[in-house]
Amino acid sequence: MSRAENPILVPGQTHIRYLIVAMLFAASCFSYGDRVALSIAGTAMQKELALDPVKLGFLLSGFSWAYVLGQLPSGGLLDCFGSKRVYGISIVCWTVCAFLIGVAGYLPAAWIFSAIFGLRLLSGLAQSPVFPGNGRIVAAWFPTAERGGASAIFNASQYFALVVFAPLFGWLTHAYGWRSCFWFMGLFGLGLAFAWSKLVYNVKDHPLISEGEIDFIERGGGLVNVDRAAGGAGRNPLTWAGVRELLGQRMLVGIYIGQFCITTLTYFFITWFPVYLVQARHMSILRGGFAAALPALCGSVGGVLGGVSSDALLRHGRSLTFARKAPIIAGMLLSVTMIACNYTNVQALVMFLMSLAFFGKGFGALGWTVIADTSPRELIGVNGGLFNLFGNTAGITTPIVIGYLVKRTGSFNDALIFVGAAALLAIFSYVVIVGEIKRLELHPAPAATR
């Protein structure tokens, strides 16, 4: 392994990069907590607002419509103005939207659905910089050999959010009604925004970092200058020429398709899974909220282990391609086991199979690590936005498709087959389409005008 891939530790160096990834984890947890709130409160809302499964599916997907549309613009904003500023504004905006959803619950009945759907659209738009920002910050703050673990930590937030928020929101809904979930998110989101403003900086601008850590990150492949150049002055990295160049790369197209499939699993778990436990497995809302936490905890553990395993393979001399693909393929194979839930009525076995599937989904969720490894240096934010655009299109399709399948069949059996098939398609994409994983160099550089 080269010196750049395995830099020597410098005596007395700081470890501020771990504080940064902890903040990414916390912010991502709150982002997913905001998405989980509606799925936990969904059954109570469905009864109060007389929503059929299709309408609930549209309400669950409302966030993703604007979230997807905001990916490319948010990637451009991140590249222009830097991650700290854009991300911080994002936190404040989605916090306000969450609080207003609770207020909207007191509108006249005929207006509530439209108001909540509209606020979910705004919340999706506000949160669109979160994961492109995460990928961009990890690319700047972590050397290549630590990037898998760092990405796995913030990516594990989607599972840990269920561990923390599903029981909490289940209790809040049971004790105080569904509106209280959104007021909680609004209150604590403001604290998160304050912490972000005080703790997150560009690599070379952080007041607590040592020169030794900066050197360690930079020699290990961290893009430490990526945000220092972002000031908005005369820079316009979001160009159609750049987007076309990215879409013309077979490796990236395969990664985008794989992420769509993996995110299909994500949105099953954070939207319909709690409803599945209540409606198909006949749990109470309170018990369903707590039960959803067990598979989510397994997903969180799987997410961290997948990233750590990938980095370990890299340190032991395996190629970057093998180190990233092996956990993805293994994880998706484990996820297919959820289909076996169709053939048992034993709740304990159902929870075991869902926990195994959730663990596999987490273990294989290395998409953001791959993006940090492959993005052209001048288009990290844009490529992250494009990647998240394709991936989170599944946030639109998955809740709606499952809603139609449940309404048409009266059961979740076809829904589980649909989600399992997505896992198999993710394997196909990484094995057949992606090819070698490597950082792209754009030649010539994208044009400066649209």
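**Close-up 1. Helices lining the largest cavity of the predicted model.** Four helices, α1 (16-49), α12 (250-279), α17 (367-374) and α18 (380-392), each supply at least two residues of the lining of this cavity. The greatest contribution is that of α12, which gives four residues.

**Close-up 2. Centre of the largest cavity.** A search of the whole structure finds four cavities of 30 Å³ or more, and the largest has a volume of about 120 Å³. Its lining comprises 16 residues, of which Y32, N155, Q158, Q259 and W368 are the closest to the centre.

**Close-up 3. Helix α9 (residues 179-199) and its buried residues.** The helix has 21 residues, and its end C-alpha atoms are 31 Å apart. Residues of α9 that are buried begin with R179, S180, C181 and F182 and continue with M185, G186, G189, L192, A193 and W196. An α-helix has 3.6 residues a turn, so residues three or four places apart point the same way.

**Close-up 4. Nonpolar surface patch that includes F99.** F99 is found in helix α4 (residues 83-104). With a relative accessible area of 41%, F99 is partly exposed, because its value lies between the 20% limit for buried residues and the 50% limit for exposed ones.

Methods:
Residues are numbered from 1 along each chain as its sequence is written. This is a predicted model: local features need pLDDT of at least 70, side-chain atom pairs count only at pLDDT 80 or more; totals for chains, interfaces and linings use all residues. Side-chain values use heavy atoms; hydrogens and water are left out. The expected span of a helix is 1.5 Å times one less than its number of residues. Buried means under 20% relative accessible area, exposed over 50%, partly exposed in between (1.4 Å probe, protein chains only). Patches are made of residues with over 30% relative accessible area and no salt bridge: like charges are joined within 9 Å, nonpolar side chains (Val, Leu, Ile, Met, Phe, Trp, Tyr) within 5 Å. Accessible areas come from the Shrake-Rupley method with a 1.4 Å probe; for residues, only the protein chains shown count as cover. A salt bridge is a side-chain nitrogen of Lys or Arg within 4 Å of a carboxyl oxygen of Asp or Glu. On a 1 Å grid over the protein atoms alone, a cavity is a set of points where a 1.4 Å probe fits but cannot get out, and a pocket is an open set with protein on both sides within 12 Å along at least five of seven lines; lining residues have an atom within 4 Å of a point. Grid points are joined across faces, edges and corners, and a volume is the space filled by probe spheres set on the points.
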